[in-house]
Amino acid sequence: MTFMALYDADLHLHSPYSIAVSKNISLETLNKTAEIKGIDILGTGDITQPNWRNYMRENLKKSDGSWKFKKTSFILQTELEDNESIHQLILLPDFSSVDALVEKIRPYVKNIDGRWSGRPHVHRTPEELVEIVSDVNGLIGPAHAFTPFKSIFRQGKFNLLREAYGTAVKKLAFLELGLSADSYLADRMEELQNITFLSNSDAHSEGLDAVGREFNRFFIEEPTFNEIEKALFRKGNRKVNLNLGLDPRLGKYYQMFCSKCRRRVLRSIQIKNQNKEMSEKKKAVSNYLNIFGFPLKSWDDTFLYYEFPTKQREQQFLKLVAKKKIECEACRKTICNDPKHKKNSKIPHLQLGVSERINDLATWDKPHHPKHRPPYLRMIPLIEILAKIFKIKTLKSKTLLQHYQNLISEYGNEFYIIIDLDLESAKKKFKASPYEKVFRTIQAFRNDEITITPGGGGKFGEISL
Ligand SMILES: [Zn+2]
Ligand SMILES: [Zn+2]
């Protein structure tokens, strides 16, 4: 007799055979991070790459239907790019189905056995890829669905799942939210009401700040592919019980940004107020009207500040940005100040971030959570909370790791501390020690009371405590 239990799973990782990935990723280092954080199940990453596949085949041991290395269960997993440059996350039941997948996509991939073929580009449509993966009994869904690059919902690409997948849309097992989106944003789209959301890390290193940075808490019988499949389709009481991840505002692509200088755009709406002070202010900003007459108040190295007289004006602005018609004034100035610039030099344009793009896609202003949708807890890795509180910049600092280890020794693992720990008693126990502040911060995260400067243009957002 087996019983249902909770298993924490991060199902999207990469191997050292993808570009820009730490070469220290191995089963040893992943297992070590998993144990200390409390992760039960990890995706292998890059399972179609031959060196990595053989390494996994040799080192994972099958026990009770699950592929294990020491205490951690692994799901055979990869990410494929289709001919629309959309990334698709893929989970597979066993090595024979991995082998079958490799043979099926081989004709459509340039160098599937190459050193850097961790995430291959497959020259097939999204719909064809769904059919291929289903044929080998795998599970597939769009990866990081809202990021401005390589995703299904990026600006200028698809507005609906069915536009990309056609009739194969019914076979999608999940949609991966990505670091810049969460259930509050994605549940504003009617088409996504029935699909299960995954929140995974897409980790490129074995670090405490990468693996499990986002994860899913599954309610299943065993940490196996079959059980996860049932949970994704919500069969036999299996389900995803919790999504945990970054506050979308902390993601790198939340806010509108300049495609070149990567300055983020902050917008505010000036309340119509006819007093004199305001008209003085208007005069002061009128120097910065851009070519469409939108009032750019100022800019600095990080931000461009736009201030709109009305909500409608802001909407017009957003529409033009979506059409890539609004140029970056900061870049214009840099270019025009360069004596060598040509008369018709191209000025870089502004690009929508995830927040504005979701506004475009949304059916509703507010999220409509369907009954099956689990809560989404906005959190950051414990090591980053400690770094903030002890004001230590480098996450590999010995002092910082010692603090982290102290808390793990006290309470067992990170996920227990951030999700389940009784914070009132923890605060009492560590009264007047810096750890009291750590627990207060976790409490603020749990209550959604953290102040945030939004990220964008490739820069992560910032929390202030
Ligand atoms: Zn990707
Ligand atoms: Zn710029």
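## An exposed loop residue, D448

In this predicted model, D448 is found in the loop between α16 and β18 (451-453). D448 has 10 C-beta neighbours inside 10 Å and therefore counts as exposed, since the limit for that class is 12 or fewer. The backbone of D448 also deserves attention: its phi is positive, about 60°, although D448 is not a glycine. Most residues other than glycine have a negative phi.

S85 is found in the loop between β5 (72-81) and β6 (87-92). Is S85 buried, exposed or partly exposed? With 13 other C-beta atoms within 10 Å, S85 is partly exposed, because this class covers counts between the limit for exposed residues, 12 or fewer, and the limit for buried residues, 20 or more.

## Division into domains

The protein chain is divided into domain 1, domain 2 and domain 3. Domain 1 is made of two stretches, 5-252 and 363-378. Domain 2 covers 257-352, and domain 3 covers 384-464. The centres of domain 1 and domain 2, taken over C-alpha atoms, are separated by 38 Å.

## Helix α12 and helix α16

Helix α12 consists of residues 382-389, and helix α16 of residues 434-446. Their axes are 10 Å apart and the two helices pack at an angle of about 125°. α12 and α16 are therefore oblique to each other, and their crossing is right-handed.

Which residues of α12 and α16 meet? On the side of α12 they are I385, L386 and I389; on the side of α16 they are P434, K437, V438, T441 and I442. By class, the residues of this contact divide into 6 nonpolar, 1 polar and 1 charged. An α-helix has 3.6 residues a turn, so residues three or four places apart point the same way.

## Helix α12 and helix α13

α12 also packs with helix α13 (residues 398-411), at an angle of about 120° and with the axes 10 Å apart. α12 and α13 are therefore oblique to each other. In this pair, α12 passes α13 in a right-handed crossing.

The contact is formed by L382, I383, L386 and A387 in α12, which meet L400, H403 and Y404 in α13. It has 6 nonpolar residues, 1 polar residue and no charged residues.

## Helix α11 and L361

Helix α11 comprises residues 354-361. Its buried residues are V354, S355, E356, R357 and I358. What do the buried residues of α11 pack against? They pack against α6 (183-186) and α9 (311-322).

L361 lies in helix α11 as well. L361 has 17 C-beta neighbours inside 10 Å and so counts as partly exposed. Not counting residues up to four places away in sequence, L361 touches F153, N159 and M189. L361 and E190 are 171 residues apart along the chain, yet their C-alpha atoms are separated by 9.6 Å.

## W299, a buried strand residue

W299 lies in strand β14 (residues 296-299). How many C-beta neighbours does W299 have inside 10 Å? There are 21, so W299 counts as buried, because a residue with 20 or more is placed in that class.

Leaving aside neighbours within four places in sequence, W299 is in contact with R263, L304, Y305, E329 and A330. The C-alpha atoms of W299 and L266 are separated by 9.6 Å, while the two residues stand 33 residues apart along the chain.

## Q49, a buried loop residue

Q49 lies in the loop between β2 (41-43) and α2 (50-59). Although it belongs to a loop, Q49 is buried, with 27 other C-beta atoms within 10 Å.

Which residues are in contact with Q49, leaving aside its neighbours within four places in sequence? They are S15, Y17, S117 and G118. V169 is 120 residues from Q49 along the chain, and the C-alpha atoms of Q49 and V169 are separated by 27 Å.

Key
Residues are numbered from 1 along each chain as its sequence is written. Chains are lettered from A and ligands numbered from 1 in the order in which they are written. This is a predicted model: local features need pLDDT of at least 70, side-chain atom pairs count only at pLDDT 80 or more; totals for chains, interfaces and linings use all residues. Domain bounds come from an automatic or database domain assignment. Axes are lines fitted to C-alpha atoms, for helices over the stretch in contact, and angles run from 0 to 180 degrees between N-to-C directions. Helices (H or I, at least four residues) and strands (E, at least two) are DSSP runs, numbered from the N terminus. Angles under 35 degrees count as roughly parallel, over 145 as roughly antiparallel, 65 to 115 as roughly perpendicular and the rest as oblique. A crossing is left-handed if the near helix is turned anticlockwise from the far one by less than a right angle, and right-handed if clockwise. Two residues are in contact if their C-beta atoms, placed from the backbone, lie within 7 Å. Ala, Val, Leu, Ile, Met, Phe, Trp, Tyr, Cys and Pro count as nonpolar, Asp, Glu, Lys and Arg as charged, and the others, Gly among them, as polar.
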